[in-house]
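Visitor: Hi! I'm new to this one, could you walk me through it?
Guide: Happy to. Let's bring it up and start with the strands.

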Amino acid sequence: MTKLPFGLSPSKIKEHSNCVAKFFYNYYLKLIPFTETEATIKGKFMHKVCEDTAKGKLVLNSDWEKVENWEWLKEYIIPKFQKPQGRIEVELGVGINEFNGDVKTGIKMWDKNPDGSTYKWLGQVDFVKFLGDGKAIVIDWKSGKRFEHKLNDYTLPEEELYPLMAKNELLQLEFYALVLFLAYPSIDRVRGYFIFNKDKVTQDVVFYRKDLDKLIGFFNCKYDEIYKQYLQVKNNNDTVPVEFHNPTKLCDWCGYKDKCLYALKK
Ligand code: SF4
């Protein structure tokens, strides 16, 4: 049985779409240890404050002022989504060709697949609210600026749809919808919200159970693709092939530019 030595998540899939080499430098070879930046610290803090508030746990203090546009969140957003009935933290066991999953709320549900391997998709849903009548809401708080996105057309054939999904900012919400559909057979409709507090806007899209096969297919395909690339790197003495590099103008800001095979060969 095959497995990747690291877990996958929607945000990692986005990074993989941008530059496969950087993805392997980061998550397999771990050439540079992860360090917090001002942006990651700020993002985590905002998530914590919003979550605690929504759960009624936040104590009123000066921390509030550190969150951008807090007044807007407090007045318009938090009341709308208050009193969640559940919050999900999941690890889905994922085989190459099928989800083995069952998901429960509030626990890490999958440490190992039945064969002892540890395929993992990792994701933490910021906020879930069950509305009854087969409907649920999921929220992803965004500390950055609003970005453009539109719902994928799940009637497209896989070879057209999956590349679009991989580059679409919606991937996180698609993953959360997938998790909810797997975890709760009674849920037929998931409305996913992005809340961009920097720009004071919310955006939402709706996912339907009828598209579940396409959602599952996408994540399984990605696993398969990344696993094959992983074998290529491993069998190549842990060297990332030149063709995995995707140089763009953003390379100047890449932490690997001094180690990057492509950059060194230029
Ligand atoms: S420098 Fe550019 S090509 Fe090299 S790993 Fe970074 S993003 Fe990829």
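Visitor: How many bridges join E3 to strand E4?
Guide: Five bridges join E3 to E4, which covers residues 135–142, and the two run antiparallel. Keep in mind that this is a predicted model.

Visitor: And which residue in E4 does Phe-130 stand opposite?
Guide: Phe-130 stands opposite Ala-136 in E4.

Visitor: What order do the strands of the open sheet have?
Guide: The order is E3-E4-E5-E6, so to speak from one side to the other, in an open sheet of four strands with mixed pairing.

Visitor: Which ones are the edge strands?
Guide: Strand E3 (127–132) and strand E6 (201–208) are the edges, and each of them pairs on one side only. From one strand to the next, the twist averages 20°.

Visitor: Where does helix H6 lie?
Guide: Helix H6, residues 171–183, lies across E4, E6 and strand E5 (189–196). Its direction is at about 145° to E4.

Visitor: Changing topic: which residues come nearest to the ligand?
Guide: There are 14 residues around the ligand, and the nearest of them are Cys-19, His-245, Cys-251, Cys-254 and Cys-260.

Visitor: Which elements give two or more residues to that shell?
Guide: Those are helix H2 (20–27) and helix H8 (261–265). H2 gives the largest share, with three residues.

Visitor: What is the shell like by class, then?
Guide: The shell around the ligand has 10 nonpolar residues, two polar ones and two charged ones.

Technical notes. Residues are numbered from 1 along each chain as its sequence is written. This is a predicted model: local features need pLDDT of at least 70, side-chain atom pairs count only at pLDDT 80 or more; totals for chains, interfaces and linings use all residues. Axes are lines fitted to C-alpha atoms, for helices over the stretch in contact, and angles run from 0 to 180 degrees between N-to-C directions. Two residues are in contact if their C-beta atoms, placed from the backbone, lie within 7 Å. A residue is near a molecule or strand if its C-beta atom, placed from the backbone, lies within 6 Å of it. Ala, Val, Leu, Ile, Met, Phe, Trp, Tyr, Cys and Pro count as nonpolar, Asp, Glu, Lys and Arg as charged, and the others, Gly among them, as polar.
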